[in-house]
Amino acid sequence: MHGAAQARKYRLQGAGLDLALPYLMLAPGLTIVLGVLVYPLWDGLRASTKAYRYGSPVGDIGLQNYVRLWSDVQFLNSLWVTVKFVALSVSFEAVLGFALALFCLREFQGIRLLRTVLIIPMVVTPVVVAIVFRLIYASDAGMLTALSQAMGGGAVQILGNPVNAFVGLVVLDVWEWTPLMFLILLAGLQSLPHEPFEAARVDGAGAWRVFADLTFPMMRPVLAVAIVLRTIDAFGTFDQVFVLTRGGPGEATRLISIYGYDTAFKFQQTGYAAALFVTIGLVVLALAFSAIRLLRRVDAS
Amino acid sequence: MMHSSRLTRRSVIRGGLGLALATTALTTLGLPMPARAAGKKVIIGAFADGGLTPFKQKIIPLAREQGFDIQFLEDEYGVTLEKWFADAQSGAGQYDLYLLDDPWVPQFGAANVLEDLGAGGIDGSDKDWIGSMIDMGYWPPQAGPRVKGFENAKPTLICVPFVGDLQTLTYRNDVFTNGAPKTWDEVIARGKEGVAAGKIKYPVVFRGVTGNPIVTSWYPIFLSFGGSFFDDKWNPIFNSAEGKASADFFVGTMKQNAPSGVVEFDSDQEGAAILGGDAGAIIQYSGNALKADDPAQTKVAGKLDFGVVPKQQSAIAQMGIFIAGVPKSAPNKANAIEFLKWYVSAETQAKLSEAGSIPVKRSAFGIAKPGNRLIPVALKQLDAGALPRPRTPDWAKVEELLGIELNKALQAGSGGGAALDNAAKQVKDYLTTAGYY
């Protein structure tokens, strides 16, 4: 009798533990996610509906911050600069990354070393990259100016000219992030089946035909994922601009992240900045969803 | 008999708990004992600037002799305002003392995050203070226009002047052989002669980077042309005829006589130009000026002299003092206030002057051997005229708007007046949104 009761107790304890264990295991992770992701997001959304003065909330204003954004010339300019920056950088990175991945797909002596060297820029801290590029671009003592002067030219104006500074920023980004594209696309290329390519070769297809009819179509999903990932990341570019140009000259390189940062922390317009970042978050999400839908439609057709 | 070592769920949980307990115990044992009473510990936050070098080198050791345990935490200028404001507002308590740039005082004052130092026993009415400097420590300001919400508030001493920095002229004495140039026209004309004689490469150098740097460089020219920034109702009037003339001179004549890349120049590049011997004259704060006699830091030691800023109508410089505030969240508040009382005493200020830094008490300017020949010139500039920037909590935004427009005009090399018109409109719009009118 006693033994049976004991056995039942153990069974019940076991069943209880079975029920609770998954939740217990999830609890730490869930708590962290709630604390560092969900709560700040919720708090940011709440802040975006408030007016702030001198860093403190002074009242609810509904969606006024969101409405104000679209008549804020500085916001619209920053958004435009960001869109241009993202479009140019990601396009160049995709093309260069793809080209490098195709090149490095081949096996030859030293290819492993080359692949390693190619991903080095990606692992350098962005702030360090920006400092180095500043040393290259500086008109008074920069490397480009030194080169130009050695060849009898004058000072090279990069950071003091709006167009050059913008292009300089794109070059920096392309240098740093093409390796990421390269890495993703190389992995994609290596995972493609060999049979279609062998068949094409037997049929006498040239390199361009193979690329246009096989490689590119088969790589489209991977390419889309890489582009979407890089686009989302590029929208958040901050440290390189902060160090290199602080958004100048004028507003030529003032990305939305810099404008948002200044608005939130320098000018203490917390609610307005929250509305700005929520809007940008939604824009980026919309872009990502559109890209994925477009991809599905293309694949289906 | 064989013992089974099967891994069960229960054993994993027990093992995990045991590991967690052991880690906690080890961590606890490894921690130092709870700190004893802080004593006279004072955590000072400052932005990196050569103007604080004498304080760091000579006054901190003296403070240690007085029993203060000083922790001096430096950051880059561009990030300190936001960092300290966040610290003060969140009550994080990372600092006991901020060494603020004076235009930031209204922002901290309006947010009510700094201690009342008058209540702490610091005498703001001491006649030995440089009047224009101690005035900057009050919020709301004792004189001049006040922003809405603070019209009737009693001015409170929330900051005390720490280093009396202000702009003065640094010039090459082998180019300007008759002493400091008196007018801007003379700066340019004599500077050109210096270039022609191969002594220098450019008559002038300044900061052209958008935002605070370019506004700081333009401001003394604006003041010397007779400009005023706001009227007493906070309407921007910097785009007056005088203001426009100063902006046109700045983006036109000054740019033509400065290094070609001046649009991207900040304090490091302008410092390199004057200390490296390339530029003939510069309006600057004490940070680089203090290096003028040190052969290790300049190629033209002995060739750099100081003077009052040139004038067009008057010789007025911009003040940009280091000013100390104690956050309400300071962990060692009493120590910080005690330190400040010691620091601003006439005796310590005399030591500061001896160390080569610009003091904040008039008596310290008169000591027998000031540690730097810039100090008497700074007093001359104070007497000739030195004005702070407008006392508004929104100065950072105003400066940003103006800085962008000035920088665009500087790129073009013309259109200074139009830039001021654009900036005035944007400033007015912004202040309207902020409820100024």
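**View 1. Residues 31-38 of chain B in the predicted model****.** Chain B as a whole averages a pLDDT of 91, and 91% of its residues score at least 70.

**View 2. The secondary structure and extent of chain B****.** Chain B contains 16 helices and 13 strands. Its C-alpha trace spans about 105 × 55 × 50 Å along the principal axes.

**View 3. Burial and contacts in chain B****.** Chain B comprises 437 residues, of which 53% count as buried. Among contacts in chain B with a separation of 6 or more, 75% are accounted for by residues 24 or more positions apart.

**View 4. The helices, strands and spread of chain A****.** Chain A is built with 13 helices and two strands. The radius of gyration of chain A is 26 Å, whereas the globule rule gives 19 Å for 301 residues; the value is well over that figure, so chain A is more spread out than a compact globule. Taken along the principal axes, the box filled by the C-alpha atoms of chain A is roughly 105 × 70 × 40 Å.

**View 5. Burial and contacts in chain A****.** Of the 301 residues in chain A, 31% count as buried. Where contacts in chain A link residues at least 6 apart in sequence, 69% of them join residues at least 24 apart.

View 6. The model has an ipTM score of 0.82 and a pTM score of 0.86.

Technical notes:
Residues are numbered from 1 along each chain as its sequence is written. Chains are lettered from A and ligands numbered from 1 in the order in which they are written. This is a predicted model: local features need pLDDT of at least 70, side-chain atom pairs count only at pLDDT 80 or more; totals for chains, interfaces and linings use all residues. Helices (H or I, at least four residues) and strands (E, at least two) are DSSP runs, numbered from the N terminus. The radius of gyration is taken over C-alpha atoms; the globule rule is 2.2 Å times the number of residues to the power 0.38. A residue is buried if 20 or more other C-beta atoms lie within 10 Å of its own, exposed if 12 or fewer, and partly exposed in between; C-beta atoms are placed from the backbone. Two residues are in contact if their C-beta atoms, placed from the backbone, lie within 7 Å. pLDDT is the predictor's confidence in each residue, from 0 to 100.
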